Amino acid sequence: MNESAPERWDVFCRVVDNFGDVGVSWRLARQLAREHGKAVRFWLDDLTVLSKLRPEIDPSRGSQRLEDVDVTRMQESFEPSDVADVVVETFGCDPPESYVLAMAGRPHKPRWLNLEYLSAEDWVEGSHALPSPNPRLPLTKHYFFPGFTQRTGGLLREHDLLDRRDEFQRDPGVQAAFWRSLVGKAPPDGALKVSLFSYADAPLESLAHACRQYPGPVWLVAAEGAAAAALGGFAQPGHDVIRRNSHSGGARREIQVFTIPFLSQDRYDQLLWACDVNFVRGEDSFVRAQWAGRPFAWNIYPTDDGAHWIKMSAFLSRYTASLERSHAAAVAGLWEAWNRRPLDESSGRAVPPLAESWAAFVARREALLAHALAWSERLRKQRDLAAQLVDFAENALK
C-alpha cells in the first residue's frame with residue numbers, strides 16, 4: 001500500500017427492522033472519514049433506509065459518495081484486493097462470506113472489529129475488546145462495546161457537537177428560525193415543547209391527554225412513522241389544536257400537535273436541542289438525546305423475554321445515581337409507564353399510570369434539565385467512540 005494513502009476502513013451494516021443500526025453505522029462512517037482521515041466504504045444492504053436519514057442518497061444507485069464516504073450496496077463477490085485494512089461489522093451483521101474468505105486470503109490480515117449494541121449493564125466492561133478467533137480461518141475478531149464508563153468504548157460524538165449545541169441553545173433567534181422552518185411558526189412564550197419518536201405500542205394518545213393538565217401551552221412534535229400515526233386523531237397533516245380554558249384567571253391552555261417529515265440526522269439533533277423534553281427510541285436517538293442536554297424518556301426496543309427491562313434498569317441506575325431521590329423516582333416512573341405493555345400488565349409487573357408519572361416528571365423539569373446538562377458534561381470527559389475505535393485498531397491490534 002502507498003504509505004501516503006489513507007488507511008482503508010470498511011463498515012458493514014445490515015438493516016434489521018428500524019433506523020437505529022443504520023443511523024449509528026452512518027454516523028460512525030462519516031466521523032471516521034471526516035475527523036480521522038480514513039478512506040471509508042459504507043456497505044449497506046438496503047440504501048432506502050439510509051435515504052430517509054440522508055435524502056441525498058439515491059437508492060437506485062449501487063455506489064455513490066457522500067461526505068467523504070463511499071456508500072455502496074452490499075455485494076456477494078469479493079477478492080483479497082477488495083478487502084480494507086480495518087473491517088468493522090456493526091451489531092454482529094456478518095460481512096458476506098466471500099468477503100471473509102477474501103480477508104483470510106490476504107498475506108497481511110485485516111483488523112476485524114464487531115461494534116456491539118450499547119448497554120449500561122456491568123458485564124459490558126468485562127467483554128469490551130475481547131478477541132474471538134475464527135474456528136475455520138486464520139482471522140480474529142474483536143468485540144468493541146460502546147458504553148458509559150472508562151472501561152468501555154464510549155459514545156459517538158463529533159468533536160464539535162456540544163459546541164454547536166450550546167451555540168444553538170443560547171440563541172433564541174436561531175431557535176425561532178428553526179421552528180419556523182419546521183412547522184411554519186415559532187412557539188409561544190412559555191410553551192412546553194416535546195418531541196416524540198417511539199415504537200408503535202408506546203402510549204402516545206395517553207400522553208397527549210395527560211398534557212391537557214399542563215398549565216400552559218404544549219407543543220407535541222411527532223416524527224413521521226409510529227408517533228405521527230398514533231396521534232392521527234389529534235393532528236391532521238400539519239397541525240391541530242386542542243384548547244382548554246383554565247379555571248383560574250381565564251388563561252387559555254393550548255395543546256398543538258405537529259406531525260413532521262422524517263428529518264435528516266443533523267436536523268433531528270436540532271429538534272432535540274430545541275425541545276424541553278424528548279421521547280426517543282432505540283439506540284441512535286437515545287444517545288443523541290443525552291448529548292442534547294434535555295430531560296428525556298427512552299422507548300426501549302421490546303423483547304419477549306423481558307430483557308429490555310434489565311437493560312433499561314441498568315441505564316437508569318447509572319443515569320439517576322446522583323439525582324435526589326424524588327427526582328430519580330419521577331424519571332424511573334415515567335420511563336416505566338412509557339414502556340408499559342399488555343404483557344407487562346398480565347405478568348403482574350407494577351407500572352405507574354402515565355398521567356401521574358408525566359405530571360411528576362414535568363413538575364421537576366428544572367432539576368431534570370440541570371441534571372441532563374451535567375450528565376452530558378460527564379460523558380464529554382470520556383473519549384468518543386470513533387476516536388477509541390481508531391486508537392484500538394491502530395495500536396492494540398497492530
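This is a predicted model: local features need pLDDT of at least 70, side-chain atom pairs count only at pLDDT 80 or more; totals for chains, interfaces and linings use all residues.
## A buried arginine without a salt bridge

R157 is found in the loop that runs between β8 (140–144) and α5 (161–170). Although R157 is buried, it takes part in no salt bridge, and the nearest side chain of opposite charge, that of D384, is 4.5 Å away.

The side chain of R157 does, however, reach the backbone oxygen of Q382, at 3.3 Å. Leaving aside residues up to four places away in sequence, R157 touches Q31, L162, W291, L379, R380, Q382 and D384.

## The enclosed helix α10

One of the residues that R157 touches, W291, is also among the buried residues of α10. Helix α10 covers residues 284–292, and since nine of its nine residues are buried, it is largely enclosed by the rest of the structure. The buried set includes charged residues, D284 and R288 among them, and both of these belong to a network of salt bridges. After α10 comes G293, which has a positive phi, near 70°.

## Salt bridges across the chain

The structure holds 29 salt bridges. In one of them K38 pairs with E7, with the closest N and O atoms 3.2 Å apart. This pair links distant parts of the chain, since K38 lies in the loop between α1 (20–36) and β2 (39–44) while E7 lies in the segment before β1 (8–13), 31 residues apart. Both partners are buried, K38 with a relative accessible area of 10% and E7 with one of 12%.

R136 and E97 also meet through their side chains in a salt bridge, at 3.2 Å from N to O. Here too distant parts of the chain are linked, with R136 in the loop between β7 (131–133) and β8, and E97 in helix α3 (residues 97–104), 39 residues apart. In this pair R136 is exposed, with a relative accessible area of 55%, whereas E97 is partly exposed, at 41%.

The side chains of R165 and D166 form a salt bridge at 2.9 Å, N to O. R165 is buried, with a relative accessible area of 2%, while D166 counts as partly exposed at 21%.

Beyond individual pairs, a network of salt bridges links R27, R30, R34, R54, E56, E67, E158, D266, D269, D284 and R288.

Methods
Residues are numbered from 1 along each chain as its sequence is written. Side-chain values use heavy atoms; hydrogens and water are left out. Helices (H or I, at least four residues) and strands (E, at least two) are DSSP runs, numbered from the N terminus. Buried means under 20% relative accessible area, exposed over 50%, partly exposed in between (1.4 Å probe, protein chains only). Lys and Arg count as positive and Asp and Glu as negative; His and the chain ends are not counted. A salt bridge is a side-chain nitrogen of Lys or Arg within 4 Å of a carboxyl oxygen of Asp or Glu. A polar contact is a pair of N or O atoms within 3.5 Å; within protein, one must be able to donate a hydrogen and the other to accept it, and residues adjacent in sequence count only if both atoms are side-chain atoms. Contact means heavy atoms within 4.5 Å.
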